[in-house]
Amino acid sequence: MKTLAIDFGNTNTVLAFRESSSREVQCIDLPGISEPGSVLIPSMIHYGDGQTLIGSQVIREEKENSYNTFRWMKRYIGMNSPYHIRVNGEKISAKQAAEEFLSNLIRETEERFAVHADELVFSVPVESFEYYANWLISCFTIDGFRKVRIVDEAVSAAAGYGLKMHPGEPALFFDFGGSTMQATVVLLHEPNGREGFLPESFQVIGKSGCSIGGSTVDRWIFEEALMQNRRDFSDPVIHRDGRIILAACEQLKERLSFFEEADLSLILTDHRKFTLRQSREDLETLLRKRGLFQSVDAVVRDALLQAADHGIDASAITAVIPVGGGSMIPAIRSELGNVLRKALVLNGDPMTAVAKGAINLIDGFGVLDFVRHQYAVRIRDGKTGEFRFHTIIQPGTPYPSDEPVTTLKIKASRQNQSLFGLAIYEISQPAFRPEAQTEIFFDEEGAIRLFSRVDTEKEGEDTFWLNEHAPLFLHADPPAEKGIARFKAEFKVDRNKMLLITVYDLSSGLYLFEDYPIIRLN
């Protein structure tokens, strides 16, 4: 094993690799850490007295509802949430907990197979901001010993299902995981020798997503159960026992994917019964009331509209490949069939497809993708003196690009300017949300709380300064004249979605940078 693929999920994590002597991709079962008889690893970590537990170790020791257990790490990171737990007087953030959780999994895997993983492949959601991918890269890259690659979760699923498609056929991949919902339309490219296309490759022609996931459904069930039991979030007992109730809501949802009814009623710390009973029909009514099917429809149709811009009509899609635990909800599969009436919603293993596909992606299976968000440099207007954004990468830009996708001439905003800064921003539209955004989190005592995401997310979703901590400076020697173009900058995107810059000094005739990597795009 040289390459280890990691599908880090909000609820479960899956690891996959391929033996050097085999073409078969294997998902890894870590005894005692994976769920019994499964390759699913519960995404949780518990900080005990001198001992750290991960995965099923936490459940076996009955610590999953402990105040010292960190769960739902991926969602907190994706929200850029300040939530943390306190262990022995030390604050532990979601990023710290996730890094330790994943590091333990990597170490356990290397020890089991007695081999070093010199390449890690992480799958990330379509709608994740760049800081999430950058965090993974910065945490797990070891110079000279290990490199990290980032692949799209939905596209990984395409390679993981191994659907037998004919060249020119489109398919839709629907990923409803613990923290996000994604729809991606891909086209199996016909190997006609056109420049830039691989002989066997998927071309992404439409993708969309939103921040509604399985944990959102768990919260809806939680809130519905509170009303049925005539209790609310202001109740101190609910604060104290909220973690246990929310975990039971998650189990209830999972059981209703396989059974018509489920009952996980609890006895709370005030010795009163908390009824947690639903039928599949009850759940579908709740999901409809909360607008989940509207969200499914909006995300899928957004991806289909993008595909239509490439000349692919929705009626041409014959297969829908679902991945993620949420896609196992029967009503979700029915809704996919309603949106795409001519397509077959396939059966398979939605839980392992992403990890298996990530291995296939980096092992020769080509993907012709496009950039999801808009990217711009911040420049000062020579007339008004105010800052504005100048777009360098448009949404939908295909990559990799052999030729520059944008050329920009940079002028001095003042006389004898010798230093020029390039601030790169990621710009995106807020994700589709059918409801006012409130999220459940737990305070340092483990008590349940609600907070609004409307104000805290607005700025971060519109613009995000990517190279704030690693700015790129251009030096003019001799100093530049005001209003005169001094540098020519060319931007490309490589196959790893890295933004490359080449800078030419128009005065000296020298190159300051040639295909220099700045940041990774989304």
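**Entry 1: two phenylalanines**

I began with Phe122 and Phe140, and found both of them buried (buried means under 20% relative accessible area, exposed over 50%, partly exposed in between, with a 1.4 Å probe and protein chains only). Before going on, I noted that this is a predicted model, where local features need pLDDT of at least 70, side-chain atom pairs count only at pLDDT 80 or more, and totals for chains, interfaces and linings use all residues. I also noted that residues are numbered from 1 along each chain as its sequence is written, and that side-chain values use heavy atoms, with hydrogens and water left out.

Next I looked up how many aromatic pairs a search of the whole structure finds, and the count is 13. Rings of Phe, Tyr and Trp (its six-membered ring) pair if their centres lie within 6.5 Å; planes under 30 degrees apart count as stacked, over 60 as edge-to-face and the rest as tilted.

I then took Tyr76 and Tyr83: their ring centres are 4.5 Å apart and the planes stand at 40 degrees, so I wrote this pair down as tilted. Tyr76 is buried at 4% relative accessibility, and Tyr83 is buried too, at 5%. Back at Phe122 and Phe140, I read 5.4 Å between the ring centres and 35 degrees between the planes, so this pair is tilted as well. It links distant parts of the chain, with Phe122 in strand β10 and Phe140 in helix α4 (residues 130-140), 18 residues apart. Here helices (H or I, at least four residues) and strands (E, at least two) are DSSP runs, numbered from the N terminus.

I also found one aromatic cluster made of Phe70, Tyr76 and Tyr83.

**Entry 2: salt bridges**

How many salt bridges does the structure hold? I found 15, taking a salt bridge as a side-chain nitrogen of Lys or Arg within 4 Å of a carboxyl oxygen of Asp or Glu.

One of them joins Glu119 and Arg149, with the closest N and O atoms 4.0 Å apart. This pair also links distant parts of the chain: Glu119 is in strand β10 (residues 119-124) and Arg149 in strand β11 (residues 147-152), 30 residues apart. Glu119 is buried at 9% relative accessible area, while Arg149 is partly exposed at 24%. Lys147 joins Glu119 and Arg149 in a network of salt bridges.

I looked at Arg231 and Asp235 next, whose side chains meet in a salt bridge at 3.0 Å, N to O. Arg231 is buried at 8%, and Asp235 is buried at 18%.

Then came Arg280 and Glu260, whose salt bridge spans 3.4 Å, N to O. Arg280 lies in helix α8 (residues 280-289) and Glu260 in the loop between α7 (236-255) and β15 (261-263), 20 residues apart. Is Glu260 buried or exposed? I found Glu260 exposed, with a relative accessible area of 52%, whereas Arg280 is buried at 16%.

**Entry 3: a four-stranded sheet**

I traced an open sheet of four strands in the order β23-β22-β27-β30, with antiparallel pairing. Two strands pair if DSSP finds at least two bridges between them. The edge strands, β23 (387-393) and β30 (463-465), each pair on one side only.

Inside the sheet, four bridges join β22 (residues 374-380) to β27 (residues 424-427), and these two run antiparallel. I looked up what stands opposite Ala376, and it is Tyr425 in β27.

**Entry 4: charges over rings**

I found Arg378 over the face of Trp465, at 5.6 Å from the ring centre. A charge sits over a ring if NZ of Lys or CZ of Arg is within 6 Å of the ring centre and within 35 degrees of the ring normal. The charged end of Arg486 sits over the ring of Phe487, 5.8 Å from its centre.

**Entry 5: backbone notes**

Which peptide bond did I note as cis? It runs from Asp477 to Pro478, with omega near 5 degrees. Pro478 belongs to strand β31 (residues 472-480).

His271 is not a glycine, yet I read a positive phi near 70 degrees. His271 is in the loop between β16 (266-267) and β17 (273-274) and is exposed at 71% relative accessibility. Asp515 has a positive phi too, near 50 degrees. I placed Asp515 in strand β34 (residues 511-520), where it is partly exposed at 36%.
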